[in-house]
Amino acid sequence: MLDEQLEELRRATLAGFASAGSLEELEEEKVQALGRKGTLAQISKEFGMLPVPERARLGKLLNAVKQDLETAYEDKKRRFAQAELEERLAKEWIDVTLPAPGIRPGSLHPVTQLQNEIEDLFTSLGFAILDGPEVETEEHNFDALNIPSTHPARDMQDTFWLSNGHLLRTHTSPVQVRGMRQLGPPLRMIAPGRVFRNEEVDASHEHTFYQLEGMMIDREVSVANLIYFMQTLLSSIFRREVTVRLRPGYFPFVEPGFELDIQCLICGGIGCPVCKNSGWVELLPCGLVHPNVLRISGIDPDVWGGFAFGLGLTRLAMMRYGIDDIRQLQGGDLRFLSQF
Amino acid sequence: MKFSYNWLADSVPGLSTSASELQRLITMKTAECEAVDPVGAHFKAVVAARVLALEPMTKGKNQRVTIDAGTGQEITVVCGAPNVHPDMIAAWVPPGVALHGKTIGKAIIEGIESDGMLASPAELGISRDHSGLLELESAQPGMPIPGLAADWVIEIDNKSLTHRPDLWGHLGMAREVAAITGGTLADPVKLDALPSDEPAIKIEVANPALCPRYSALVLENVKVGPSPLWLQARLESVGLNPINNIVDVTNYILAELPQPMHAFDGDELVGGTILVRTALPGERLAALNGESYDLDPADLVIADAAGPIALAGVIGGSASAISEETTRIVLESANFLAASIRLTSARHKLRTDASMRFEKSLDPENTVRGLARALELLKEACPGIRVVGGVADAATPRIVPAPIPLPVSVVVKKLGAPVSADRVRRILSDLGFAVQVTAPDLFSVTVPSWRATKDISLPDDLVEEVGRMVGYGEIAPAPPLVAATVPPANPMRLYLRQVRAQMASQGFTETYNYSFVNQTDLLRFDFDPALCLTVRNPVASEWTHIRPSLLPGLFNNIVSNVRNYAEFRLFEIGHEVRLDRASGEVSERTHSAATIYSAQGDERDFFELKRVVECLFTGARLCSAEAKLYEHPMRAAEIEWRGSTIGRLFEIHPKLLEQEGLGGRAVLFDVDLDVAQSLAASRVFRYTPPRRYPTSGFDLSVISELRLPVSRIQDELAALAGSDLASLDFVRQYAGPPLPEGSKSVSYHLEIGALDRTMTADELTAIRNRIIQGMRGAGYELRV
């Protein structure tokens, strides 16, 4: 009799769970069957009158029914939760192609970017990065670099002279002088910065541009070292194998002095309009530091020697990005600047 | 500087290297060649022709000319030259020949077919004379014009010759060419051609320091006229204008030895003495170029008894110039102190072919050599000319520099390449150095006079001579061997990088502005132009001052970008240069300036830029400040960080934008990064352990006068809360009903707690009451 009631409870409740259309209906069915005053509780009340073996057998059956119903309930409840979640999520559709709000990063000037890269390279080679003022003394800019005022080499660099008798540095070389005097030998240093020449501005000439001066002073520094160093440096800057050549060039602060050419990166040396069909592009001046320059800055040229070079940062940036008008670099036009 | 290939070949007999190969070799071993251009290629085709008959044409000055050009038949050309006449020998340019890049064809002129043309000296490229046809004295029709040959002109970059006085003449370059190609140098100067008689003129040098040597020679029976064609063509090819036989010969030697020379009309000189002295106060010189110069007492002049006749080494005077009537000349061949010539030339803004050479320190040995060479050339260019007396030569004995000791090991060490002692010796000898072997591996090198004036005095200079002749391409690259040391740090550089990276990530684009500004820029930003550094020689009228601030440049960037963008963010990092009024000292400081511009802007832009400042300088505070003239009077603040004022944040005064025809708002900051960097570096950071005991929070609303800075309320709350304050956060502020007009309510959330225990409710209440009482005591009304 009780067996039948339990079986009937199982059948009816499972059917009720199955047909429940909402969480509320499901709960109702569950309370009816398994609640404190539910059918199962009532059936179990009658167990007291049964003989012990029968009670044990029916007890097992009751537990099995209860277990089945609870499992079925949990199962159905999970399905409701799942359905509800799915419904909610379906409503949460967004158009992922809508633009995101908020500010976008700006950009750094192309010369800054190139300068950072080259500074890192030199730092990795143990070079100090030095700074100097843009308003310089005649002594630092010329005299200490073996260019006395009567020297015709002064004409090689058109100088901006200032009301207080100083000048705007025409090259970053005066930082060499400051470096030698501050740090002494041995010395490995670079000095990037802004320099000035009194020149009319056009697409390829500027009165304001950027250089990076480099210097290495040690006991034995040779032309062979300079060539090796320049080849390594330029290959790294251009991110490819670069062939360099030195030819005589005159700069009063070096002896011997060189113009360094690189094999044209556009045509590979065959000849093209960029290299004016020569296969070579003039890139930078360099040389072994003139003994007078060492001596003026308190370094004994009989013990120490070195090389120095001047890299045109502005020129390199123009080469790297194909900039054909130098004026854009200082034109302050966001249409240009925001590209970098 | 232009070099004629044929001229070089005169001094390197047997030269077989082509002009283009020479260009490459000179570039690699001596100096930079900029171009090689053919000149006078047409001289292979142009022939002499006899004019047979003339026939006037209908109109104009053109005539129909029949000529015999040795072709076996008469040729008809149309010619408008005034000097064409029967029987003259002229130069005929056959059709198909190119002159100055233009091919001469068979042209129909006024109905007559001209078969080629008869040419003027200018058309032929011999001189600049285009007044009429070139008239030859004698030549066989059909034969080439005597003395004219096709040539190449090699152009060398002047800058690469700055240190080489000898290379300002063909002989010096020929010496290089001989050394490079293995040829032999033939010196065109024959000193024994000069007579050794008593000089016919006296020379007095008052300033031997400024004029180490002055040599002169008197010549008579002079007949001034055109130079031989070959001489004219050569001068023309290297860019020197042929004038007459006397001047051309002096110019030829200027371009050959190089020795600038000057010819005075001997009959125009007053007194028998040439004086070399500095100018006297008030003296003037009417010069050959038609200008008149007020002389400076530092200028060296050549004078006769009546006054200056030339500005030494720069230009001659017009009074004693060679004219068609000249029959007697005094040839000057002198050596002047380079620095003095340079200063005089700069003082009078007058650069001449002579001054350009003298300022390089010319070889004093060339003065007498120049006279010898001139005599030889004048005998050809001015037939019948006679020397009067011998050479006058006022010379300070040349200080012959001691030989340079050169260990071969130094050459090897500096070049980093194995060069044999024999090769070093051979290279130096080829270049004219006298090399003596004083010990094995040690040379004693005597520098020739033409390299000794300025160019070469050190072993390093000789290393260059050897290196360039060996060829730098022969030196195998080798890594430098140096100690592995850590370089000194540059904290400012690192700091600038951080600032730049942060600015970019906050949406700012970096701009670079010029270091120059103008008066308008300065006045707009309230700078006294008198207190700014000015440029003595500005490149343009708008760049007269050195910027004392980055603001003017940034403002100009705003103005120029508004036409393309409704809103944008820009920043710059650069130096501002200021002059201290009292000391006259220049200070150069690194600043960063930034702007947010918005066409539809409101005060939120101000707080956005404030947010950026707080990101850059953690813990920075703004203090309201009296606005400067260019700042919005109600929106200007100083930026305080770690106890120092590091800059300002402000909205630009709307009238500045209006003056540029712009609307919108621009907020800017300007920060001294030198100060900021030292503050950033001075911070000693110590870790604080997280609180182990809970805190309790409550809100307070303080009613205050509307324009009272909330920072004050915040400071007072913090002070009252004391050491148990864990955090104090602004919640909101409100003004409006039901609050009375002119007041506002500012709400804060406070968290209170002790570090070593959990506070009891009583303790918390006591603290809260203390704050409330304190605020009320300070005159605030509180909503609690």
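**Close-up views of a predicted two-chain model**

View 1. Residues are numbered from 1 along each chain as its sequence is written, while chains are lettered from A and ligands numbered from 1 in the order in which they are written. A:Asn146 sits in the loop between helix H6 (138–141) and strand S3 (167–168) of chain A. (Helices, H or I of at least four residues, and strands, E of at least two, are DSSP runs numbered from the N terminus.) Leaving out residues up to four places away in sequence, A:Asn146 touches A:Pro252, A:Phe253, A:His290, A:Asn292 and A:Val293. (Two residues are in contact if their C-beta atoms, placed from the backbone, lie within 7 Å.) A:Val254 is 108 residues from A:Asn146 in sequence, but 8.9 Å away in space, C-alpha to C-alpha.

**View 2. The contact between chain A and chain B**. Chain A puts in 68 residues and chain B 79 residues. On the chain A side, the elements that give two or more residues include helix H5 (110–124), strand S5 (208–218) and helix H8 (223–238). H8(A) gives the most, with seven residues. The chain A side divides into 34 nonpolar, 20 polar and 14 charged residues. (Ala, Val, Leu, Ile, Met, Phe, Trp, Tyr, Cys and Pro count as nonpolar, Asp, Glu, Lys and Arg as charged, and the others, Gly among them, as polar.)

**View 3. Two helices crossing in chain B**. Helix H11 (residues 421–430) and helix H13 (residues 459–470) of chain B pack at about 95°, with their axes 10 Å apart. (Axes are lines fitted to C-alpha atoms, for helices over the stretch in contact, and angles run from 0 to 180 degrees between N-to-C directions.) That makes H11(B) roughly perpendicular to H13(B). (Angles of 65 to 115 degrees count as roughly perpendicular.) H11(B) brings B:Val424, B:Ile427 and B:Leu428 to the contact, and H13(B) brings B:Leu462, B:Glu465, B:Val466 and B:Met469. Six of the contact residues are nonpolar, none polar and one charged.

**View 4. The two faces of helix H2 in chain B**. In H2 (residues 19–29) of chain B, the buried residues are B:Ala19, B:Leu22, B:Gln23, B:Ile26 and B:Thr27. Seen down the axis of H2(B), they fall within an arc of 130°, so they line one face of the helix. (The arc is that of the directions from the helix axis to the C-beta atoms.) An α-helix has 3.6 residues a turn, so residues three or four places apart point the same way. The face turned away from the buried side carries exposed B:Ser20 and B:Glu21. The cover over the buried residues of H2(B) includes S6 of chain A and helix H1 (5–11) of chain B.

View 5. Most residues other than glycine have a negative phi, and most peptide bonds are trans. The bond from A:Glu255 to A:Pro256 is cis, with omega near -5°. A:Pro256 lies in strand S7 of chain A. A:Asn277 has a positive phi of about 65°, although it is not a glycine. A:Asn277 counts as exposed, with 11 C-beta neighbours inside 10 Å. B:Ser361, also not a glycine, has a positive phi of about 75°. B:Ser361 is buried, with 23 other C-beta atoms within 10 Å.

Methods:
Predicted model: local features only at pLDDT ≥ 70, side-chain atom pairs only at ≥ 80, totals over all residues. Parallel < 35°, antiparallel > 145°, perpendicular 65-115°, else oblique. Buried ≥ 20, exposed ≤ 12 C-beta atoms within 10 Å, placed from the backbone.
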